[in-house]
Protein chains: 2
Amino acid sequence: MTVLGCGAAAPTPYFLTTSQLVNIHDQLILIDCGEATQVTLRKSRDKFQKIKTILISHMHGDHTLGLPGLIASMNLLGRNTALNIYGPEELEEMVKKVLHLTRTHIEFNVYFHKLNTEEKTTVLETESYVVESFPTKHRIPTCGFVISEKERCYTLKPNIRKKYRLTHLEIQKLKRGEDVYRGEEIIKNSGCCSPPMETRSYAYAADSAYSPKVIDAVKGCSLLYHEATFESKDVDIAKKTQHSTSKDAARVAIQANVGQLLLGHYSNRYSDLSNLLSESQEVFLNSSLSVEGKTYSIE
Amino acid sequence: MTVLGCGAAAPTPYFLTTSQLVNIHDQLILIDCGEATQVTLRKSRDKFQKIKTILISHMHGDHTLGLPGLIASMNLLGRNTALNIYGPEELEEMVKKVLHLTRTHIEFNVYFHKLNTEEKTTVLETESYVVESFPTKHRIPTCGFVISEKERCYTLKPNIRKKYRLTHLEIQKLKRGEDVYRGEEIIKNSGCCSPPMETRSYAYAADSAYSPKVIDAVKGCSLLYHEATFESKDVDIAKKTQHSTSKDAARVAIQANVGQLLLGHYSNRYSDLSNLLSESQEVFLNSSLSVEGKTYSIE
């Protein structure tokens, strides 16, 4: 997961508004699309035409304003593959209105899918992974997302390929956990492969106040990005605006027993983020501050 | 005039889409507002709340997509002074729809003024300067702008303030070209001041194909920014899309007898802009390439 923007509400000299790019098994999924997301994608040389799926958590501008421009640029640069966008119902109206009024004629298929903001729902399932949405607790209907691998394959031990001169098909079989039959000869999976590692999952919870529903939804995931807009001393503003303190985020992380917590969606009132981090680490040690441009891998 | 973005159509790793900030007599005017304009303004630490006037040339997204976010951020950061926006009729619909759907409640006054796309028109007049719009030649109704000083004041010669211990009111009189009466004593303007320099004017022509109407409108201006999307070898695409080559821009500059020409709105097909410049300079020597972040002063 690469953080493209991790500031709250409005861009600052230091942070852009929210967007993330997730690479799962070489498939690119964009989560949220604040203004200038396409600028960052272009500068980072990520192949933005490879994005097939966009997940939009809610309608606030710091999560949506970059979407019309991104679609327009995909079109201008010759895209001809379909784009699937999962988000709030009004998103389609906004994007289509802007494209219409800016005289942008999109020549590839864009499909809008309305998210369920009432309960956890599978929004997308492929051969190798599943994307689910779940409701968070915010001022307006908002969803978080969990992206999970279905299963990981067996890993070939060193030199096995060469030793048996394995064909591509035979490698696929072994990776699936099967044995390979060559007439009378059997190449046993157990002798060639290490068993699959645990499957990995990534959960995204922004924007949200502290919520038991979020804890249920992200239970046991490998990496959780949870918004941490405020320090504890600003808990009243957090409550009023239905955002989290970094301590709230850490409580979610520990109660959901996640592997690792990444904080973000920083309020522009803090010039120094170290309090956000230390307050989170007091509750959940494996917390870190997300950094724009940085890629976080789950190994 | 500070160039905030000078790329055409879609952001590239090198250029943002169009926006400029003009400072005339300490008044800030924003011209066009491509995506990420507010990001650049925030990074450059320009006081974006001081912008009272926004001029939008036409509806294409590379000139408009940053506007809803800019207004939303002005609001979020506590603006309470009015904002006047001069642009195409549909601009108001777009901005209001986006702000409505992203649940943004603007708490300062935003006034939209429809531009005349048929003939040169005064859109704004203050004590010290005038803003006019004029039609350009593009695929959709588009305006360029001329911002002109009305008159410049007389300049006090060195040490005159001290010599006569001038009051603030007396300085104002002398700067207006008047004499100062102190009972019997007369402080003659001619002895204290140098006469006013020529008034300055800035013209902006993007987007536009080569057009005699533009030449008429920008006649004699001190600095002309004219779009120069294409090299001469791509003149067919320029014609088809109703854009200019840099040679077209230079022809406008020489025929309008402007002081200086600044090229911009570069197509993303050129990794090297030196041909754009040399082809322009063959026709009009005082041409230069606009650079993002750079401020161009008229002295």
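The following paragraphs describe a predicted model of a complex that includes chains A and B.

Residues are numbered from 1 along each chain as its sequence is written, while chains are lettered from A and ligands numbered from 1 in the order in which they are written. Because the model is predicted, local features need pLDDT of at least 70 and side-chain atom pairs count only at pLDDT 80 or more, whereas totals for chains, interfaces and linings use all residues. For chain A, the mean pLDDT (the predictor's confidence in each residue, from 0 to 100) is 95, and 99% of the residues reach 70 or more. The complex receives an ipTM of 0.90 and a pTM of 0.92 from the predictor.

The contact between the chains draws 35 residues from chain A and 35 residues from chain B; two residues are in contact if their C-beta atoms, placed from the backbone, lie within 7 Å. On the side of chain A that touches chain B, α1 (37-43), α2 (61-64), α3 (67-76) and α4 (89-101) of chain A each supply at least two residues. Helices (H or I, at least four residues) and strands (E, at least two) are DSSP runs, numbered from the N terminus. The largest share of this side, six residues, comes from α4(A). Helix α4 of chain A also holds E89(A), which counts as exposed because it has 12 C-beta neighbours inside 10 Å; the class requires 12 or fewer such neighbours, a buried residue has 20 or more, and those in between are partly exposed.

Chain A also contains an open sheet of seven strands with mixed pairing, in the order β7-β8-β9-β14-β15-β16-β17. Two strands pair if DSSP finds at least two bridges between them. At the edges stand β7 (121-125) and β17 (287-289) of chain A, each with a single partner strand, so one side of each has no neighbour in the sheet. Within the sheet, β15 (residues 223-227) and β16 (residues 260-264) of chain A pair in the parallel sense over five bridges, and Y225(A) has L262(A) as its bridge partner in β16(A).

The largest nonpolar core has 152 residues, and those with the most contacts inside it are V218(A), L224(A), V218(B) and L224(B). Such a core is a set of buried Ala, Val, Leu, Ile, Met, Phe, Trp, Tyr and Cys residues joined through C-beta atoms within 7 Å. Not counting residues up to four places away in sequence, L224(B) touches residues including A203(B), V218(B), V258(B) and L262(B).
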